[in-house]
Amino acid sequence: MLEVKSQPTPRPARSVPQAGLSIAEAARRTGVSVHTLRYYERAGLVITSVHRNHSGRRRYQQEDLKWISICTKLRATGMPIRTIKRYAQLVTAGPGNEEERLALLEAHRGEVIAKLAELQENLKIIDHKIDVYQGRLAAGDADQLWAPKRPADAR
């Protein structure tokens, strides 16, 4: 799984200097690691060639940051790298494949909705357990909560 730093919300909308941003600054702005940015590029997830300066160092533009933000959000919702790559290929190909792009996104949306429903069900169980513990602690009989019994001779 690719690393997404849990820092303040990425803000790729800030203006980018005409010369572009270094990979370190792009990483800070997008909330992903330098390693992840390089991986996205190698894996074919970036829709444009990242510009390089006269010494060969990457220089990220506003559009690069916007696209990386999209990729990061798709990954965060569980979209597989191969699907993001396919989506990037479709976008890079230009007009004429919008229906396929739409179908890809709609399929992923369905998967996200199903996962959210599963998480909601799991949350209900956690909420129930919290209620039980709070009630037992308030009543002073938390020691009555179930715990597995161990055989007396087990060591």
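Trainee: Which residue takes a positive phi just after H1?

Mentor: Look at Gly31, where phi is positive at about 80 degrees. Helices here are DSSP runs of H or I with at least four residues, strands are E runs of at least two, and both are numbered from the N terminus. You are looking at a predicted model, in which local features need pLDDT of at least 70 and side-chain atom pairs count only at pLDDT 80 or more, while totals for chains, interfaces and linings use all residues. Residues are numbered from 1 along each chain as its sequence is written, and side-chain values use heavy atoms, with hydrogens and water left out.

Trainee: How many helices and strands are in the chain?

Mentor: Count five helices and two strands. Along the sequence they follow the pattern α-α-β-β-α-α-α.

Trainee: Why is H1 described as largely enclosed by the rest of the structure?

Mentor: Burial goes by relative accessible area: under 20% is buried, over 50% is exposed, and in between is partly exposed, using a 1.4 Å probe and protein chains only. Helix H1 spans residues 23-30, and six of its eight residues are buried, so the rest of the structure largely encloses it. The buried ones are Ile23, Glu25, Ala26, Ala27, Arg29 and Thr30. Their cover includes helix H2 (34-42), strand E2 (58-59) and H3. In the chain, buried residues make up 28% of the 155 residues.

Trainee: At what angle do the axes of H3 and H4 cross?

Mentor: Two packed helices are described by the angle and the distance between their axes. The axes are lines fitted to C-alpha atoms over the stretch in contact, with angles between N-to-C directions running from 0 to 180 degrees. For H3 (residues 62-76) and H4 (residues 81-93), the axes cross at roughly 145 degrees and come within 10 Å. The crossing is right-handed, a label given when the near helix is turned clockwise from the far one by less than a right angle, with anticlockwise giving left-handed.

Trainee: Which residues of H3 and H4 meet there?

Mentor: A contact needs heavy atoms within 4.5 Å. H3 brings Trp67, Cys71, Leu74 and Arg75, and H4 brings Ile81, Ile84, Tyr87, Ala88 and Val91. By class, this contact has eight nonpolar residues, one charged and no polar. Ala, Val, Leu, Ile, Met, Phe, Trp, Tyr, Cys and Pro count as nonpolar, Asp, Glu, Lys and Arg as charged, and the others, Gly among them, as polar.

Trainee: How many aromatic pairs does the count come to?

Mentor: A pair of rings is described by the distance of the centres and the angle of the planes. Rings of Phe, Tyr and Trp (its six-membered ring) pair if their centres lie within 6.5 Å; planes under 30 degrees apart are stacked, over 60 edge-to-face, and the rest tilted. The count here is one aromatic pair. Trp67 and Tyr87 are stacked, at 5.6 Å centre to centre with 20 degrees between the planes. This pair links distant parts of the chain, as Trp67 in helix H3 and Tyr87 in helix H4 are 20 residues apart. Both Trp67 and Tyr87 are buried.

Trainee: How many salt bridges does the structure hold?

Mentor: Side chains of opposite charge can pair when their charged atoms come close. The rule here is a side-chain nitrogen of Lys or Arg within 4 Å of a carboxyl oxygen of Asp or Glu. The structure holds seven salt bridges. One of them joins Glu41 and Arg52 at 3.7 Å, N to O. Glu41 is in helix H2 and Arg52 in strand E1 (residues 51-52), so this pair ties together parts 11 residues apart in sequence. Glu41 is partly exposed at 24% relative accessibility, and Arg52 is partly exposed at 44%.

Trainee: What separates Lys66 and Glu63 in helix H3?

Mentor: Lys66 and Glu63 are three residues apart, which is about one helical turn. Their side chains form a salt bridge at 3.5 Å, N to O. Lys66 is partly exposed at 41% relative accessibility, whereas Glu63 is exposed at 53%. In helix H5 (residues 98-139), Glu121 and Lys124 are also three residues apart, and their salt bridge is 3.0 Å, N to O.

Trainee: Is His108 buried or exposed?

Mentor: His108, in helix H5, is buried, with a relative accessible area of 8%. Leaving out residues up to four places away in sequence, His108 touches Leu74, Thr77, Gly78 and Met79.
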